[in-house]
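Open the model in your viewer and keep the sequence panel beside it.

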Amino acid sequence: MLAPGKPDNEAVRLKNLHSLKLLDTAPEERFDRLTRIARRLFDVPIALVSLVDADRQWFKSNAGLDIRENSRDVSFCGHAILQDQILEICDAEQDERFHDNPLVTDNPGIRFYAGQPLGLEDGSKLGTLCLLDTKPRQLNDEERELLRDLARMAEQEMVAVQMASMDELTLLSNRRGFRALAQHALNVCDRLSRPATLLFFDLNDFKPINDRYGHAEGDSALKTFADVLRIAFRESDVIGRLGGDEFVALLTGSSHVETTTIMARLKEILDERNAMLQRGYDIRFSVGQIEYDAQRHRSIDNLLADADAAMYAQKQLLRS
């Protein structure tokens, strides 16, 4: 077994890593969603967001693995952060660096590894988004590009911690965080010719809730609606609160039938929540639905503008 070396900028790298204040924190949906997506898209049993500390490898997200950290000396990711591109090990038993590694010879029995380094603008490599399999395999060019895209989303989430891109009230992405994640998702859909749908929600008669019941109750209504969105949408969908009573959800790779099914589930869950809470009002919404068109929607901002207009049109129709 060959233990990984250390980057030339190790001191700066560790300073940047510790400044993020991610080590030893609780799991977060923003990272867990990415590893779940990776497991499904690549059909692998394990996907990780790893952070390489001074003497250990710690997992911010560990889909399919029941440990939170291990020694840096035996880590595959310790090797991956020494380069800029994906480190791919097609068969660890045939690689002199890893053939007698305990992660190969013992549980979890790694045979395949692919890790894209996660870096900051100064070039520091803090960890990886990586895929593990118990049988040999090899990524094709499209899969490598997809792994790089998911890694960029993970990097964006790491930076988002510093940029405060999460809405503190609902714990969804705020406008800045949603725009960054959604734009990455659209880029993937565009390259792979997959559909995407943006739903733009606005709560109906929200101001009277604040006026009659107070702002604390208004905040509670917003949190309830955010919770309903989390339950109704799929793990791979990007959900956010733009501000006030406006929410958005980007569905990628979904057919019209799937979108209709999700919306029906959302309305059913919201009806159940309204009946259970009995707060003297019901949470209701208007929604604008726009299908992504790569020619028309050059950016997520264009798509948001069209969905906002569609939502406003529906709200006006309900008032007439």
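Select the whole protein chain first. This is a predicted model. With 320 residues, a compact globule would have a radius of gyration near 20 Å, and the protein chain has 22 Å, so the two agree.

Switch to a cartoon. The protein chain has ten helices and ten strands.

Next, show contacts. Take those between residues at least 6 apart in sequence: 66% of them join residues at least 24 apart.

The protein chain exposes about 14,900 Å². Carbon and sulfur atoms supply 48% of that area. Of the 320 residues, 54% count as buried.

Color by charge. There are 41 positive and 53 negative charges in the protein chain. How many Å apart are their mean positions? The answer is 4 Å.

Now select residues 29-42, which form helix α2. Check its length. At 1.5 Å a residue, these 14 residues should span 20 Å; the end C-alpha atoms of α2 are 20 Å apart, so the helix agrees with that expectation.

Show the side chains of α2. An α-helix has 3.6 residues a turn, so residues three or four places apart point the same way.

Last stop: step past the end of the helix. D43 follows α2. The phi of D43 is positive, near 55 degrees.

Technical notes: Residues numbered from 1 in each chain as written. Predicted model: local features only at pLDDT ≥ 70, side-chain atom pairs only at ≥ 80, totals over all residues. Heavy atoms only, no water. Helix = DSSP H or I, 4+ residues; strand = E, 2+ residues; numbered from the N terminus. Rg over C-alpha atoms; globule rule 2.2 N^0.38 Å. Buried < 20%, exposed > 50% of the residue type's maximum accessible area, 1.4 Å probe, protein only. Contact = heavy atoms within 4.5 Å. Areas by Shrake-Rupley, 256 points an atom, 1.4 Å probe, with all protein chains shown as cover. Lys, Arg positive; Asp, Glu negative; His and termini not counted. Charge placed at Lys NZ, Arg CZ, Asp CG, Glu CD. Expected span 1.5 Å × (residues − 1).
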